[in-house]
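Thanks for coming. I will go through one model today, starting with a pocket, then the ligand site, then some backbone details.

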Amino acid sequence: MSGGAEHEERAYVYMVRCAGGQLYTGWTNDPGARLHAHKTGKGAKATRAMGAKRFAYLERCADKSDALRREAALKKLPKAKKEALCGEWEGKNLPRLSVATRADAADILEIYNWYVLNHTATFQVTPSTLEEYEDWVDNTRKVAPLLLARDAEGKLLGYACAHRWHPREAYDWSVESTIYCAPDARGLGVGTLLYRALLEVLDACGYWNVYALVADPNPASEHIHQRLGFSCVGRTPHTAYKWGWLGLSTWWLALRSGSEKPAPIRLASPEETAAILKKYGSI
Ligand SMILES: CC(C)(COP(=O)(O)OP(=O)(O)OC[C@H]1O[C@@H](n2cnc3c(N)ncnc32)[C@H](O)[C@@H]1OP(=O)(O)O)[C@@H](O)C(=O)NCCC(=O)NCCS
């Protein structure tokens, strides 16, 4: 079981880069939670002493015994070989940001439906169809640019977007954010990169309030919202039933405040969006 309720056992071998450049090798079934434990001094004595910073290498394994075998093999490698593996991995996994079109619906849906079937981050239970998602992409893009992060080979690592918070007109300046990383791309910093870029884009569109609805439990999502300056403004227990009763927390970030009449929302232009994405590494 990973952060949030997850219905798929996974196993990975990893190397974490520490403050002085050292590499720490280990295995885990939840990379995001494991790195967070290392970063907060709860992962291992060595990383507490050396200061864990980020993943330098992550490899999905067939199961726990395979991961343990790979861990032992990586630990035996000379430092130069480990560094070569890390260099190759980092070059491939460096996220490149772009704006989605209808043609990206299938890639987005592949990620989303994985969460529908395997995780409680979404309360949806039945997978969506491609046709539904093509329309979803078109509708989402009317609210704000839909952002994608892809790796060097074009594989989708994650997406971030916004929807109206409420259909009534007076809510025009409030949106609900959505962010999903590919299951194997969690804990790599992709979510932070996408979310920071999305908040800038939403600000450029003139939105005032960003809300996020977070299934309880979902430690990764709660942590990223806290880090980005959101406040938890409400929590309800047994709000939804998916493999068991789940709570829900509501998070809020004010992009601007004041008592003046807000300017009408306008979609950030492709040039404005491209300038924002360029700061975060765009394709
Ligand atoms: C939530 C999510 C978007 C976060 O993105 P991510 O790329 O995995 O997170 P990052 O690597 O950018 O890490 C962001 C912070 O969260 C921490 N974190 C990541 N995974 C964590 C976990 N499982 N438990 C606790 N903290 C975690 C990181 O250590 C980092 O902390 P720091 O900023 O203090 O260093 C991503 O994990 C995801 O897609 N999860 C499933 C879908 C989901 O829950 N979406 C949100 C719905 S509201």
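Start with the second largest pocket. Strand S3, residues 52–61, helix H4, residues 79–93, helix H5, residues 105–118, and strand S6, residues 156–164, each supply at least two residues of its lining. Please keep in mind that this is a predicted model. Of those elements, H5 gives the most to the lining of this pocket, with four residues.

In total, 21 residues line the second largest pocket, and those nearest its centre are Lys155, Leu156, Ala182, Asp184 and Ala185. The space in this pocket is about 380 Å³. By class, its lining has eleven nonpolar, two polar and eight charged residues.

Why does the second largest pocket lie between domain 1 and domain 2? Because domain 1, residues 11–93, and domain 2, residues 96–280, both give residues to its lining.

Now the ligand. The shell around the ligand also draws on both domain 1 and domain 2, so the ligand lies between them. The ligand is surrounded by 25 residues, with Lys39, Gly191, Thr192, Asn218 and Arg227 the closest.

Which elements supply at least two residues each to that shell? They are helix H1 at 31–39, strand S7 at 174–181, helix H7 at 190–205, strand S8 at 209–216 and helix H8 at 219–227. The largest share is from H8, which provides six residues. Sorted by class, the shell around the ligand has 13 nonpolar, nine polar and three charged residues.

Two of them go to the backbone: a ligand nitrogen is 2.8 Å from a polar backbone atom of Ile179, and a ligand oxygen is 2.7 Å from a polar backbone atom of Cys181. On the side-chain side, an oxygen atom of the ligand is 2.7 Å from an N or O atom of Arg227. As for cover, the ligand taken alone exposes 930 Å², and the protein buries 90% of that.

Two backbone details remain. Which peptide bond is cis? The one from Asp216 to Pro217, with omega near 15 degrees. Pro217 sits in the loop between S8 and H8, and both of those elements supply residues to the shell around the ligand.

The other detail is at His238, a residue other than glycine with a positive phi, near 25 degrees. His238 is in strand S9, which covers residues 231–241.

That is what I have; I will take questions now.

Terms used
Residues are numbered from 1 along each chain as its sequence is written. This is a predicted model: local features need pLDDT of at least 70, side-chain atom pairs count only at pLDDT 80 or more; totals for chains, interfaces and linings use all residues. Side-chain values use heavy atoms; hydrogens and water are left out. A residue is near a molecule or strand if one of its heavy atoms lies within 4 Å of it. A polar contact is a pair of N or O atoms within 3.5 Å; within protein, one must be able to donate a hydrogen and the other to accept it, and residues adjacent in sequence count only if both atoms are side-chain atoms. Accessible areas come from the Shrake-Rupley method with a 1.4 Å probe; for residues, only the protein chains shown count as cover. Ala, Val, Leu, Ile, Met, Phe, Trp, Tyr, Cys and Pro count as nonpolar, Asp, Glu, Lys and Arg as charged, and the others, Gly among them, as polar. Domain bounds come from an automatic or database domain assignment. On a 1 Å grid over the protein atoms alone, a cavity is a set of points where a 1.4 Å probe fits but cannot get out, and a pocket is an open set with protein on both sides within 12 Å along at least five of seven lines; lining residues have an atom within 4 Å of a point. Grid points are joined across faces, edges and corners, and a volume is the space filled by probe spheres set on the points.
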